[in-house]
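Morning, everyone. I'd like to walk you through one model today. Please have a look at it first.

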Amino acid sequence: MPELPEAETIVRGLREPLEGRRIQSVRVIRPDVVEGPASRFMAGLAGRGVQQVGRRGKNVVIRLDDGSRLVVNLGMSGRLLYRPPGDPSPPPTHPVAEMPLVEGEGEAAGTLIYHDIRRFGLLRILPARDYRSWSDSLGPEPLDRGFTARYLAQACAASRSPIRSWLLDQQKVAGVGNIYANEAVHRAGIHPRTRALRIPDQRIPRLHRAIRRVLRDAIEARGTTLRDYRTAQGWEGSYAGALRVYGREGEPCPRCGTAVEREVFGNRSAFFCPRCQPVPTDEPRSDS
Ligand SMILES: [Zn+2]
């Protein structure tokens with residue numbers, strides 16, 4: 001499921017082909033993935049110029065020339081693909097919406113396609129004011145300056161949630177999902193079930209560094225492709241080979257060689273090294 005590094009990679013691949021161009025028309029093939037009536041969605045986009053392609057948390061945000069934003073939540077398997085004019089690759093297998101682009105006096109400038117096999121994604125158009133209040137409801141961007149070790153310490157001190165679940169809460173920090181939450185707590189030597197307020201103060205800077213490091217490294221590798229994720233150009237990301245614990249149950253911890261374990265809580269799998277990330281001693285094992 002796409003997280004911050006995957007959304008960021010898609011954004012980087014869409015800036016050049018989209019910014020400064022115009023959405024000529026919109027074809028909605030699967031209206032269930034669009035918020036509100038498809039006719040309203042199409043009317044909100046057709047003819048609009050693209051000013052900027054950006055990201056908020058795991059969402060791709062396309063700012064239009066009337067101040068509104070097309071916000072794309074990629075769900076489990078969403079892809080935003082750009083196909084240049086005359087692209088010879090076969091048509092997409094599960095298109096949800098297609099937007100031909102034009103530039104200058106109306107010359108064809110390729111097509112933006114939202115593709116989603118499982119259709120848990122969501123496309124919506126937010127007017128400027130609605131966009132701001134939605135964005136304000138999310139936590140800080142973990143790679144921005146506002147996300148400091150001090151913020152992390154204060155926010156953790158106020159929560160009894162297991163740290164893995166805390167990291168998945170988009171209102172605490174925006175963009176981290178299950179893959180990078182597990183990787184970050186492994187790097188920080190913290191068991192995923194440790195309650196946020198039980199993390200010792202002196203361990204917080206290490207967790208802060210681990211979160212940023214794992215996200216930056218994954219962006220560098222163009223994200224993690226386990227199954228469905230692709231970049232805007234249709235490529236796979238290469239970070240899967242660098243994962244230390246996520247999806248590696250029974251395989252050796254790269255740091256100490258102990259077999260990685262898996263435990264389900266909060267309806268999601270947690271992966272950890274029982275030696276590098278000892279079970280919190282103040283909590284009984286069954287208490288999650
Ligand atoms: Zn280990």
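**A helix on the inside**

Let's start with helix α6, residues 178-188: 11 of its 11 residues are buried, so α6 is largely enclosed by the rest of the structure. Buried means 20 or more other C-beta atoms within 10 Å of the residue's own; exposed means 12 or fewer, partly exposed is in between, and C-beta atoms are placed from the backbone. Helices (H or I, at least four residues) and strands (E, at least two) are DSSP runs, numbered from the N terminus.

Two notes on the source. This is a predicted model: local features need pLDDT of at least 70, side-chain atom pairs count only at pLDDT 80 or more, and totals for chains, interfaces and linings use all residues. Residues are numbered from 1 along each chain as its sequence is written.

Back to α6. The buried residues include Tyr180, Glu183, His186 and Arg187. What covers them? The cover includes α5 (163-168), α7 (204-220) and β11 (268-272). Contact here means C-beta atoms, placed from the backbone, within 7 Å. Just after α6, Gly189 takes a positive phi of about 70 degrees.

**The sheet**

Next, an open sheet of four strands. The order is β3-β4-β5-β9, and the pairing is antiparallel. Strands pair if DSSP finds at least two bridges between them. β3 (50-56) and β9 (122-126) are the edge strands, each pairing on one side only. From one strand to the next, the twist averages 20 degrees. β3 and β4 (residues 59-64) are joined by six bridges. Gln52 stands opposite Arg63 in β4. Helix α1 (residues 4-18) packs on this sheet and touches β3 and β4.

**Two helices packed**

α1 also packs with α7, at an angle of about 40 degrees, with the axes 9 Å apart. Axes are lines fitted to C-alpha atoms, for helices over the stretch in contact, and angles run from 0 to 180 degrees between N-to-C directions. The two helices are therefore oblique. The bands: under 35 degrees is roughly parallel, over 145 roughly antiparallel, 65 to 115 roughly perpendicular, and the rest oblique. Who makes the contact? Leu4, Pro5, Glu8 and Thr9 of α1, with Leu215, Ala218 and Ile219 of α7.

**Two loop residues**

Last, two positive phi values outside glycine. Arg119 has a phi of about 60 degrees. Arg119 sits in the loop between β8 (107-116) and β9. Is Asn267 buried or exposed? Asn267 has 6 C-beta neighbours inside 10 Å, so it counts as exposed. Its phi is near 65 degrees.

Notes:
Contact = placed C-beta atoms within 7 Å.
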